[in-house]
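Biologist: Could you take a close look at the salt bridges in this one and walk me through them?

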Amino acid sequence: MIKYLKSILCIMLLGAVLPSYAYSANDAADLSYRVVATVTDSSGSVKSSFEVGEEIFVKLSLSYTGAGRAPVYGFQGKLQFDSYVLQNTGVKMEKDISMKYSGGAINYVYLDMTGNGQADSMLQNIGTAVFQARNTGTFSFSLSSFILTNKDATHRYIEPFEDVQIIVGSGVKDTSKALLYENIVAAKALLASVTIADNPKNIYDPEFWYPTKSAQKLREVIAGAEAVFDNKAALASEISEAIEMLSTGVSDFERSKIVGPKRWAAPVGNTTDGNTAIDLYYSVSASVKGGNGKIADGFEVQTIRATTSATIRMIPDEGFETEYIIVNGEKLIGHDIYTIPEVSRDTVVVVTFAKKTPFTDIAHDDWFYSSVRYVYNKGLFTGTSETEFSPSGKMSRSMLATVIYRMENKPNVTFANVFSDVQSGHWYSDPVIWAHQSKIVNGYDKNRFAPNDAITREQIAVMLYRYAKSKGVDLQTGLSSLSFKDANEISDFAKESIAWAVSKDIMKGNNDLTLNPSGLATRAEVATMLQRFNELE
């Protein structure tokens, strides 16, 4: 009987030991946790609502939810937050736990290097992240990728984290400022994701790079946008301008992308009929006309396999940009990088460069950009300020007279009292009198010119037609009638002039097949018509 009882006791003791042994690799059974985020102000008071400028402290801790207990061998995770609303200003680390800020998140990392584990009391204070509220808004702290590990690196269970909502100020974001911040983050991410170099010798199509000069310009634009974002007193107009400048900066940077030159080895193979087939290759040569820039190294002469593309990279001098790219005689609007989609013959490319304008209210993708640059560089137009062209602004009658006067190199004029509303000494006085003496303008009646009236499209056609006549230009049109829907609205005095302007492509109709002869012309439209006029063959 005693022997029997001893056997039962041994079985009971073994049963008590076996579970411990079975769980030794994972240290304990039923290990599970809950992550708690405690949000306080600088005094330690728990809060969820703060004012802009106030400090915010977020302490993370873990509490057991299961029956098991065990040392800590390692954990990691991210505390995510809205970096528009809050700015991370520091961390208070505990017990060798790493805390680092990266991309709108605080990353927590701990790994036991002894193999013995740390006391689980460390879970009561994982560390505190310190923030400053910098903009009004509402968001929730959240966790991602948060895990604890056993000795054998298997994971312990962590209950889903309950997000902690934070309100700063009114709780409503400034939409435009939030957009500015998103664009800043996106621009920085773009810079970080690409290769920045200058003419590397080891990058070939389809790989690409961006020049260091372009990257530096974008960094400067980003810095300017950040200065506006950090300015608590920034006006809505300043924020809008910063958004636009950043958008332009990113677009300019993306256009500077350089695809490496093609590198082809001429393969030789056998066709199905047994004859040898050799791939066709063509030469693409690029050169500069007129100076003020160059073709990038490696792009001057390329050997390109037939039906594949060829990319050419231009490097303008400081203050200049690519004006035109002439491909086998075809004139195209220039960018600093150009791709011929499909090379089907030996190709000659000629590039010209033009001086940049100082205007910040026009962009390279605007339909009128090259015309504004043309009239500015020719001295025909000035800006409405040092940095603005005002492309949508209206053109006055005196402005157009002045532009044509400049086209004629400002001849000497003896002032005469021709019009009662044009007095001596005004900026337009000599141009208007010269235009009258040259039979380019007559005025509304015998003694009134109306210099400040906005000019109509048909009046522009008349002035250019008369100027062309004074220059001895061929005025034959070859048009018997105009097919525009509103052709019957053209004034009698302007019909001949408009027919000529349309036949020479100086003036074009709208998408709805109207000409809008009595419509007021913008500065951009007039700049475009003047360039077309000056480039008449």
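Modeller: Let's start with Lys471, which forms a salt bridge with Glu408, the closest N and O atoms being 3.3 Å apart (a salt bridge here is a side-chain nitrogen of Lys or Arg within 4 Å of a carboxyl oxygen of Asp or Glu). Lys471 sits in the loop between helix H8 (457-470) and helix H9 (495-503), and Glu408 in the loop between helix H6 (397-407) and helix H7 (429-437), so the pair ties together parts 63 residues apart in sequence. Helices (H or I, at least four residues) and strands (E, at least two) are DSSP runs, numbered from the N terminus. Lys471 is partly exposed at 47% relative accessible area, and Glu408 is partly exposed too, at 25%; buried means under 20%, exposed over 50%, partly exposed in between (1.4 Å probe, protein chains only).

Keep in mind that this is a predicted model, where local features need pLDDT of at least 70, side-chain atom pairs count only at pLDDT 80 or more, and totals for chains, interfaces and linings use all residues. Residues are numbered from 1 along each chain as its sequence is written, and side-chain values use heavy atoms, with hydrogens and water left out.

Next, Arg373 bridges to Glu321, with the closest N and O atoms 3.0 Å apart. That pair links distant parts of the chain, 52 residues apart: Arg373 is in helix H5 (residues 369-377) and Glu321 in strand S20 (residues 320-327). Arg373 is buried at 2% relative accessibility, and Glu321 is buried at 7%.
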